[in-house]
Amino acid sequence: MEWEVVIGLEIHAQLATKSKIFSGASTAYGAEPNTQACAIDLGMPGVLPVLNEEAVRMAAKFGLAVGSRVSNRSVFARKNYFYPDLPKGYQISQFELPIVAGGRLEIQVEGEDARMIAITRAHLEEDAGKSLHEGFQGLTGVDLNRAGTPLLEIVSEPDMRSAKEAVAYMKKIHSLVQYLEICDGNMQEGSFRCDANVSIRPKGQEKLGTRSEIKNLNSFRFVERAINFEVERQIDVIEGGGEVVQETRLYDSDKDETRSMRSKEEAFDYRYFPDPDLLPIELDEAYIEAVRSMLPELPDEKKARFMAELGLAEYEASVLTASRELADYFEEAARIAGDDAKRTANWVMGDLLGALNKAGKEIADSPVSAALLGGMLQRINDHTISGKIAKQVFECMWNGEGNADSVIEAKGLKQMTDSGEIEIIIDEIIANNLGQLEQYRAGKDKLFGFFVGQVMKMTQGKANPAQVNELLKQKLA
Amino acid sequence: MHTKTIAQLSAALRSGEVSSVELTTLFLERIKQHNPALNCFISITETQALEAAVAADQRLKAGNGAPLTGVPIAHKDIFCTQDVKTTCGSRMLDNFIAPYESTCTASFRDAGAVMLGKTNMDEFAMGSSNETSYYGAVKNPWDQGRVPGGSSGGSVAAVAARLAPAATGTDTGGSIRQPAALCGLTGLKPTYGRVSRFGMIAFASSLDQAGPVTYNAEDAALMMNVMAGFDERDSTSVEREVPDYSANLDNGIKGLKIGLPKEYFGEGLDDNIARVIDAAVKEYEALGAVVTEISLPNTGLAVPIYYVVAPAECSTNLSRFDGVRFGHRCDDPQDLFDLYTRSRGEGFGAEVKRRIMIGTYVLSAGYYDAYYLKAQKIRRLISEDFHAAFEKVDVIMGPTAPGTAFKLGEKADDPVTMYLSDIYTIAVNMAGLPAVSIPAGFVDGLPVGLQVIGNYFDESRLLNVAHKYQQATDWHLQLPKEFQ
C-alpha cells in the first residue's frame, strides 16, 4: 500500500520582549536559577497579571505577515494542570479567541513545486519554568526564570506531506519571526521549538489517520528525523495489523526514536476558561494599520525584488532571502560593489557561505563583513584584480589581513593592465616555445590554453585574462 | 473614646485631644481583653501598630496628616501585608508572610492609618458564618452563641465590639454586607473594579471586591477616599476619577426614586425582618423619597449561578497552593502526587475542598457548556435585570439577609441553607454593582440590615442615601451591651 504522510506543526516562538508577558521580570536567558522570577511569576497569593503590550504588538506583526486576520478581540484563558514548574497551577494562554486567526505561508522544498501551507491560528501564552532532574540527588529542582516568558504558539493546518516539507515550513517561520524581529530564533536556548502532529493514510483517502503528537523538537534535524521515524513506526504498526493510538510521544535524539509519553485516555482535561484577571485584548483597525505600517520588507517581497530589480534567478533570490541577516549582508555588499549584483550573489552564495559553513560560523559572525566583501568586488569590477586573484584576497581578508585594497597593495596583487608589458612577456614565451607555436599554427587549437597558462604563470595571475586572450590571439596568428 | 467614629477620632487627633499612640494603646487593650472570647483577630500587630502610631503622631504634629492619619483600623487577613503573616483563614497559609503589600493596605498605610492586626475570616473567604476559619469561629458581639456572618466576620465583629473603629473587608457574594447586617454595622461593597484587588488573595476573581466596614456612612466615605482608585497592577481595576465620597453625604434625597424588588420580599424572608425593612422604607418616604415596586425576575437564579461561577474561579485560583513554593507542605512527601494530595488535603478545610471539587466539575470537559457557560449567560441576564431597573429608579432597597444572626453550628452541616443566607447579596456581585448594608432595626435583640443597591460607580449616592437615614435614625448608634 502507498501511504500519504500528514503533518501539522505547533511552533512555539519565544517573543523577544525585554520583560515577561504578565510581569516586569527580565526575560534574559541564562541567569542563575530563580533570580528572574518575581512574585507574579512565582504565582504568589493575591498577585495579578498585567499584559505586556509589546507582546501583543509582536503577535499582531506576525499575524499581518502571514496574511491573517488580527482579531479585534481576543481572550486569555486558563489552562489548568498541576506541575511544579507551573507556579499558578494554570498556564495563561488563549483558547477560543486567539489573537491571530487564519493565515498562510508558501514553502519550497528544493526540486519541488512551491506549496501553500495554511496557518490555523497563533495565540499568546506564557511559558512554564523548568524542572531540573539532574544534580539534586534524586530530587527535582525547579527554575522559574522562564516562567512567564511570552510565547507565540503558531498552529498550522495538517498540510505538510513529508518531513522535508515540515522542515521547510519550520525554517520559513523561523526566518519570518527573525525578519519581524519578534523572536531571536535561538533553538539551543529553546526560543524556537515545535510539536509535530503526524499521521498516515492510504494515498487517495480523504479521512485523516489517527495522529500522534511528538513534543518539544528543538532543531530542524530532529524534526526531520523524528517525523521520519514516526512515519515508519506508524506504517509498521498498520501493516503489522495494528492500529495507531492517539498519544503524545517524545523524541529521543540519542536513540533516534520516539517513545510514548501518554495516551489519549491519560490526556489532561485542561478545563480551559476565560481568565477573569485579564481583560480581553481589544485592537481597533487604527492599531492594526499602525502595526502594518511598521512591518519590514518580508522574505517573499524581498525575493521578488531581488529577482526584478537585481536580476537574480529564483533560486539565488530564495537562498539570499532565507534569513534577514543574509539578505541584509548581500544587499550591503552589492550596494558597495556597484552594478554587478549577480557577481555579489555568486560570491556570497559560493565563497562566503562555503567558508562560513566550513568554519561552522553564522553570517553574523563572518570575519569578512559585507563592507569588506563589497570593497573587494569593487576591485574586480574596476579590473584592479581578476576573479581568480580575488579568491586569494578573500582568503587574506578572512584571515584578518585587512581590507581588499591593503591586501592587494601588501601582496602586490594588482592586475597587470599595461598591454605593452604583457606583450613583452608574450613575446618572450613565444620565443621560448617555438615548437608549441608551430603545432598551434598547424591546427592544434588546444595549445592556446597552454600559452594563456604560461602568461598567467609568468605574471603570477595578475595579467588581465581578457587582455591576455586578445593579445595572444594576435601574436599566435 | 472607643465608641467614637473615625470622623470623630480624626478630629480628636488633629485637635490634639488624643494622640495616635493613646488611641492605638486603647484599642490594643480592648483587643487583648475581648479577643479571647470573640476570636476576631488572627494576628495582633502590637509592635508595628505602636511604631506606626508614633510616626502618625509626628506627622500630625508636623501638620501634614491625612484624614485617617493616626486612626487605628483592622484589616481582613485576606490582604497581603509585608512582614506580617497573611493566612486567609487557612492552615494552608499559616506560615505565609508575603514579600509585598496589597494595594489596599498600602493605601491605608500611606494615609497614616495604624494597623491593629489582621482579622479572622472564613477560610479563603468561603463561608457566610465565619465558621470555616482554620482559626476557629468568630462570635457575634450581640450574642456570643451566634455567628457574626461571613466571610468578613472577624472585621465586622471587631468593629461591632469596638475593638477597632473601622476595618476592611472583602465581598464576593455578600461577605461585607451580610456580616455588617448581622452585627449592626455599615458595610459597603463598591463597584467591581473600584478598589484594587492586587495583593488581595483571590477567591473568585470576577466577583471579589474590597470595601469598608464602619459604624456609619460618613466613616465609610472616609475609608473609600483612601481605598478607591485605579491600580495599574490590577487589570480589572477601572481607570476612572475618584470622587470625594464625603462631599455629597448631606445632599437632600427628596424625590429619590427607590425600587423595591418584589422578589426580595417573597418566600424565605423572615416576617419580622420584612417588618423592619418596611419601616425603613417608610422612613425614606418620610424623607421625601418615592417608592415603586420593581421586578428583578432572575433573582432566584443568583444563588445557583453563583455556586457555579465562584467555585469554578476558586478551583483554579487555589491551584497555586500546591506545597511547592510557599504555604503548607506535608511532612516527608514520597513523590509529587503525594506532595500535592497531602499538602492540599491537610492545608484546606472542608468548605474549600467542596468548592474546589464543584468548580473542577463544572469546568470539566463535557460539563463546561451545561454549567459554566450557561451560568455566564444567566449572569448576563441577572445584570440586565438590574440595568433595566436602574432605568426607572435611583437605588434598589431590600433586606440584606433573610434572617438575623443564626446560632453557631446551626447551619454548619447544611451548606445549601448556609448558601441561601446570601440570597439578596449575591446577585449584586454577579452584576458588579455597588451596595451598602446599613443598620435598620432589631428583631429579638439582633440587628437587621437594610441593603441599598446602586448603579455602577454610584457609591457617592449610596453613602448619601445611607447617611440621610442615619441622621434620621439611631439604629447605627446601638451597641452590644458588653461593649458599650
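Modeller: Gladly, and contact comes first: two residues are in contact if their C-beta atoms, placed from the backbone, lie within 7 Å. This is a predicted model, where local features need pLDDT of at least 70 and side-chain atom pairs count only at pLDDT 80 or more, while totals for chains, interfaces and linings use all residues. Residues are numbered from 1 along each chain as its sequence is written, and chains are lettered from A and ligands numbered from 1 in the order in which they are written.

Biologist: What do the buried residues of α2(B) pack against?

Modeller: They pack against α1 (6-15), β1 (41-44), α3 (46-61), β2 (72-76), β3 (114-119) and α5 (153-160) of chain B. Helices (H or I, at least four residues) and strands (E, at least two) are DSSP runs, numbered from the N terminus.

Biologist: Which residues of α2(B) are called buried, and why?

Modeller: S20(B), L23(B), T24(B), F27(B), L28(B), I31(B), H34(B), N35(B) and L38(B). A residue is buried if 20 or more other C-beta atoms lie within 10 Å of its own (exposed if 12 or fewer, partly exposed in between), so each of these residues meets the buried cut-off. Across chain B, buried residues make up 61% of the 484 residues.

Biologist: Where is the kink in α2(B), and what makes it a bend of that angle?

Modeller: The kink lies at K32(B), shortly before the proline P36(B). The bend is the angle between axes fitted to the seven residues ending there and the seven starting there, and at K32(B) that angle is about 35 degrees. After α2(B) comes N39(B), with a positive phi near 60 degrees.

Biologist: Why is chain B called as compact as a globular protein of its length?

Modeller: Chain B has 15 helices and eleven strands. Its radius of gyration, taken over C-alpha atoms, is 21 Å, close to the 23 Å from the globule rule (2.2 Å times the number of residues to the power 0.38) for 484 residues, so the description holds. The C-alpha trace spans about 65 × 55 × 45 Å along its principal axes.

Biologist: How many residues of chain B are in contact with chain A?

Modeller: 35 residues of chain B are in contact with 26 of chain A. The largest share of that side of chain B, three residues, comes from α9(B). The side divides into 17 nonpolar, ten polar and eight charged residues, with Ala, Val, Leu, Ile, Met, Phe, Trp, Tyr, Cys and Pro as nonpolar, Asp, Glu, Lys and Arg as charged, and the others, Gly among them, as polar.
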